[in-house]
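Please open the model in your viewer and keep the sequence panel beside it.

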Amino acid sequence: MPDVHFASDNNAGVHPDILAALTSANQGHVPGYGDDEYTQRAERAFRALLGDDARVFFAFNGTGANVVALAAGLRPYQSVICPEAAHLAVDECGAYERFAGAKLIDVPVENGKLTPDDVERRMRGIGDQHHVQPGAISISQSTEVGTVYTVAELRALGEVARKSDLLFHVDGARLANAAVALGVDLRTLLLETGVDVCTFGGTKNGLMFGEAIVFPKYHPAVDALLYTRKQGMQLASKMRFVAVQFEALLHDDLWRRNAAQANAMARLLAARLRDLDDVVQLAYPVEANGVFAVLPLDAVEPLQRERRFYMWDAQRGVARWMTAWDTTEQDVHTFADAVWRIAPPQKRVPTKVDA
Ligand SMILES: Cc1ncc(COP(=O)(O)O)c(C=O)c1O
């Protein structure tokens, strides 16, 4: 099988600048648990993007970052309203429910996106001692199906969160891809939209490991985060090695450049498939670094024998193809050629690729 596949953006390696940063931090002794120069510099780099009131906490992984961020803001009798395909709800093995002992209310949505109306319809039983009390909304930006909330959509969610006294949490495992797709900076994406706390993904965007939990401005949950992070086993003793990676990622817009490459390669893959659209259709708009294609069912297995990827919805034949910071045009063409070869030729429209 080719080295580069399209199974997940976390299947990619580490960006050379990040590896260099890790090596540069590998000198001498420094205090542990974040009380070091590297961590302070990385925090400053975030504040340079968001303003002096921003607070940042580094964590090992995305699941842990989501869980401890939400647990910092909520009581066990409060629920989190999220889309039904949220990573938090389906891909974290019930970590939040176990750790926080609290309920997720997962809502069927279109194109992976929660709407204010979805939220308002779940604001039930407020003040009733028999009912769990809605405490937060959690969305992913970009979403699990590769779509991106517009700034206006985020603002509307922020507004409903503020009005209903809900914590507005964003799972930003792919926040960089969304920022680049929208062409906006972090202030616009987070501060102007009323996001209370988000994760800022590193692992999928060129880091060896590491995610940041970001409060764009003061929120009372900040005061609990130090403790939920430690209880949640997300506090690194050798923090400098997480922090220095973020410092390098934010330096000279590497986070944006990496995400831009991944997004561009998803667009290219979608463009190559569009020629095939009597056979292969896109299940969701391609807005970030994921392409979700509906394959003829008899093409799935042969393609998976040649290329590694996951099925998003095996019954409907929806394949999930993710691009990463290191995906090249050549990788995309080789992959698209395989799709062309394997999707039933008799149903194809002849194009230049067949010629
Ligand atoms: C939307 C989303 N959130 C969070 C994560 C974080 O996962 P992990 O705990 O594997 O770092 C992922 C990884 O696949 C993801 O896709």
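Begin by selecting tyrosine 33, which is found in the loop between helix H1 (16–24) and helix H2 (37–50); helices (H or I, at least four residues) and strands (E, at least two) are DSSP runs, numbered from the N terminus. Residues are numbered from 1 along each chain as its sequence is written. This is a predicted model, in which local features need pLDDT of at least 70 and side-chain atom pairs count only at pLDDT 80 or more, while totals for chains, interfaces and linings use all residues, and side-chain values use heavy atoms, with hydrogens and water left out.

Although tyrosine 33 is not a glycine, its phi is positive, at about 65 degrees. Most residues other than glycine have a negative phi, and most peptide bonds are trans. At 48% relative accessibility tyrosine 33 counts as partly exposed, where buried means under 20% relative accessible area, exposed over 50%, and partly exposed in between (1.4 Å probe, protein chains only).

Next select asparagine 111, in the loop between strand S3 (104–107) and helix H6 (116–121). Asparagine 111 is not a glycine either, yet has a positive phi of about 55 degrees, and with a relative accessible area of 32% asparagine 111 is partly exposed. Then move to serine 142, in the loop between strand S4 (133–140) and helix H7 (151–163), where a cis peptide bond with omega of about -5 degrees joins glutamine 141 and serine 142.

**Around the ligand**

Now select the ligand together with the residues around it, which are Asn61, Gly62, Thr63, His87, Glu92, Glu144, Asp171, Ala173, Arg174 and Lys204; a residue is listed if one of its heavy atoms lies within 4 Å of the ligand. An oxygen atom of the ligand lies 2.8 Å from a backbone N or O atom of glycine 62, an oxygen atom of the ligand is 3.2 Å from a side-chain N or O atom of histidine 87, and a nitrogen atom of the ligand is 2.6 Å from a side-chain N or O atom of aspartate 171. Taken alone the ligand exposes 400 Å², and the protein buries 81% of that (Shrake-Rupley method, 1.4 Å probe).

**Helix H10 and its two sides**

Select helix H10 (residues 222–231), in which Val222, Leu225, Thr228 and Arg229 are buried. These residues lie on the same side of H10, because they cover an arc of only 100 degrees around the axis, the arc being that of the directions from the helix axis to the C-beta atoms. On the other side of H10, Tyr227 and Gln231 are exposed. Cover for the buried residues of H10 includes strand S1 (55–59), helix H3 (62–73), helix H5 (95–100) and strand S7 (211–215), contact meaning heavy atoms within 4.5 Å. Just after H10, methionine 233 takes a positive phi of about 60 degrees.

**A buried valine**

For the last stop, select valine 339 in helix H14 (residues 329–342), which counts as buried because its relative accessibility is 2%. Beyond its neighbours within four places in sequence, valine 339 is in contact with Leu273, Leu276, Val280, Leu303 and Trp321. Leucine 303 and valine 339 are 36 residues apart in sequence, yet 6.9 Å apart in space, C-alpha to C-alpha.

Conventions
Polar contact = N/O pair within 3.5 Å; in protein donor to acceptor, adjacent residues only side chain to side chain.
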